[in-house]
Amino acid sequence: MDKSKAYNFKSTSMSDNISEDINIKFKNCDINTSVNIKNDENKSIDMEAPEFKDFAKEMVDYIANYLENIRDRRVLADVKPGYLRPLIPDAAPEKAENWQDVMSDIERVIMPGVTHWHSPKFHAYFPTANSYPAIVADMLSGAIACIGFSWIASPACTELEVVMLDWLGKMLDLPNEFLACSGGKGGGVIQGTASEATLVALLGAKAKKMKEVKDEHPDWDDNTIVSKLVGYCSTQAHSSVERAGLLGGVKLKLVPADVNNQLRGEALESAIKKDIDEGLIPFYAVVTLGTTNSCAFDKLDECGPVGNKYNVWIHVDAAYAGSAFICPEYRYLMKGIETADSFNFNPHKWMLVNFDCSAMWLKDPNWIVDAFNVDPLYLKHDQQGSAPDYRHWQIPLGRRFRALKLWFVLRLYGIENLQAHIRRHCGFAKHFEKLCSADQRFEIVGEVQMGLACFRLKGTNELNELLLKRINGRGNIHLVPSKINGIYFLRFAVCSRFTKSEDIEYSWKEISESASEVLNEKN
Ligand SMILES: *Cc1c(COP(=O)(O)O)cnc(C)c1O
């Protein structure tokens, strides 16, 4: 049914521009409704610029105050599920409110339910980035508010991103083949998250292998080929890798990591060989540099050549630890990078660029571009081909102007200060290791790498579960656990850019006191 025919729009005196009578008749219903909408078209409904300036300046003051005093807040939110609903009305306001009332509700409604990720007392998960230059850049991005899906949709949005990924790639000393400035096929793109990068790489690898197999077996149909495809990662890989397999509709196998939680070339090769023998088609392998459980580094210099030998796409997931490669002394951990097809890390984790900014490089983006290319007329433009149309490099169509925050951070910190940030965090983890190792009740689990120290009380898993519960229950610091091969341990991640060595000592004292309490109660 053509909906326009069901409505009878009768407009009175459009010329006086003051009021409009809209008479809507629902022909298919028995009711006959008349709605009289009065609308003063000259009266602004928007917040005006002078008010915006006051509001925004107040917010900037609030933000600076919040962050500079974040250490004094309870790191872990102390609320029960459902705490928020009773604090605000049941429905949206009919009439506009004033911004002062909104501001005053932040402390009342929001802050009690915030876990303060940027507190020096936050040691859970991995860091997420936060810096003033990135916050300001996001304000500008919000103002320009373009959707940069193609070059013509906002040339600066695409072009700054191309150059920033070259800057960043050079900072990590990535092989030239990954950089757009090399003049080859390679280049970088900002994805929202590492999980998306893993999925995008998997889909590119899948498209590539499908084409190769079809060239060889023109009589095989798509379903037959897809059912034979198999990808790999280690048992220590992030859960998003297994998920990429599910989303991509292909098998993804977990290959056992070695005693140091690293994926080794031999293990990968024997898995690949076994699958080939069984008639499967290996196409993709994820090598993790800096695992989420314990910050272990897969042996890229062993796995990469195996991937190349069997024509298996190698994707490197360095979500957290990749930021450390801006420091030359850590680059030995990415040895073999020239064998990779794609590489990804999150400046939004450890390089002071606020979420979301996940940097991904591809040696040959055409596999991804072709895999995702559906080109409707309204998205075509004359300059197609002279600059990347990033919509083909990612899953969504829309994309924000995220390169701005990278640009601001790189310029306003400089490589030198970003390196200092990384080195300071690594030093703090070592400081924690010393404190922990000096206490006979505790043991360090594995090697302390980057800004993460894994540890446990000598004794049962149950004892360590009690310890963690006690630590988080006291609410002064926040940690999360992990488990490898049945051994439960606690993860101490250095997260805040405000962290000082006194903070590490404070956190250690919390852990040590909690341990005393738990051990006393046991005995
Ligand atoms: C954090 C992490 C991820 C997930 O990152 P997102 O950007 O949140 O998707 C993936 N892999 C590793 C190794 C990580 O540490």
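**Ligand contacts**

I looked up Asn346 and found one of its polar side-chain atoms 2.9 Å from an oxygen atom of the ligand. I took a polar contact as a pair of N or O atoms within 3.5 Å; within protein, one must be able to donate a hydrogen and the other to accept it, and residues adjacent in sequence count only if both atoms are side-chain atoms. The model is predicted, with local features needing pLDDT of at least 70 and side-chain atom pairs pLDDT 80 or more, while totals for chains, interfaces and linings use all residues. Residues are numbered from 1 along each chain as its sequence is written, and side-chain values use heavy atoms, with hydrogens and water left out.

I then turned to Lys349, which places a polar side-chain atom 2.9 Å from a ligand oxygen atom. For Thr292, the distance from a polar side-chain atom to an oxygen atom of the ligand is 3.2 Å. Taken alone, the ligand exposes 390 Å², of which the protein buries 88%; these accessible areas come from the Shrake-Rupley method with a 1.4 Å probe.

**The shell around the ligand**

I noted 14 residues surrounding the ligand, the closest being Ala194, Ser195, Asp317, Asn346 and Lys349. By class, the shell holds three nonpolar, nine polar and two charged residues. Here Ala, Val, Leu, Ile, Met, Phe, Trp, Tyr, Cys and Pro count as nonpolar, Asp, Glu, Lys and Arg as charged, and the others, Gly among them, as polar.

**Helix pairs**

I examined helix 6 and helix 8 (residues 239-248), whose axes come within 9 Å and cross at roughly 45°. Helix 6 is therefore oblique to helix 8. Helices are DSSP runs (H or I, at least four residues), strands likewise (E, at least two), numbered from the N terminus. Axes are lines fitted to C-alpha atoms, for helices over the stretch in contact, and angles run from 0 to 180 degrees between N-to-C directions. Angles under 35 degrees count as roughly parallel, over 145 as roughly antiparallel, 65 to 115 as roughly perpendicular and the rest as oblique.

I also checked helix 14 (residues 461-474) against helix 15 (residues 501-522): the angle is about 125° and the axes are 9 Å apart. Helix 14 is therefore oblique to helix 15.

**Backbone entries**

I recorded a cis peptide bond from Phe355 to Asp356, with omega near 5°. Asp356 sits in the loop between helix 11 and strand 9 (358-362).

Technical notes: A residue is near a molecule or strand if one of its heavy atoms lies within 4 Å of it.
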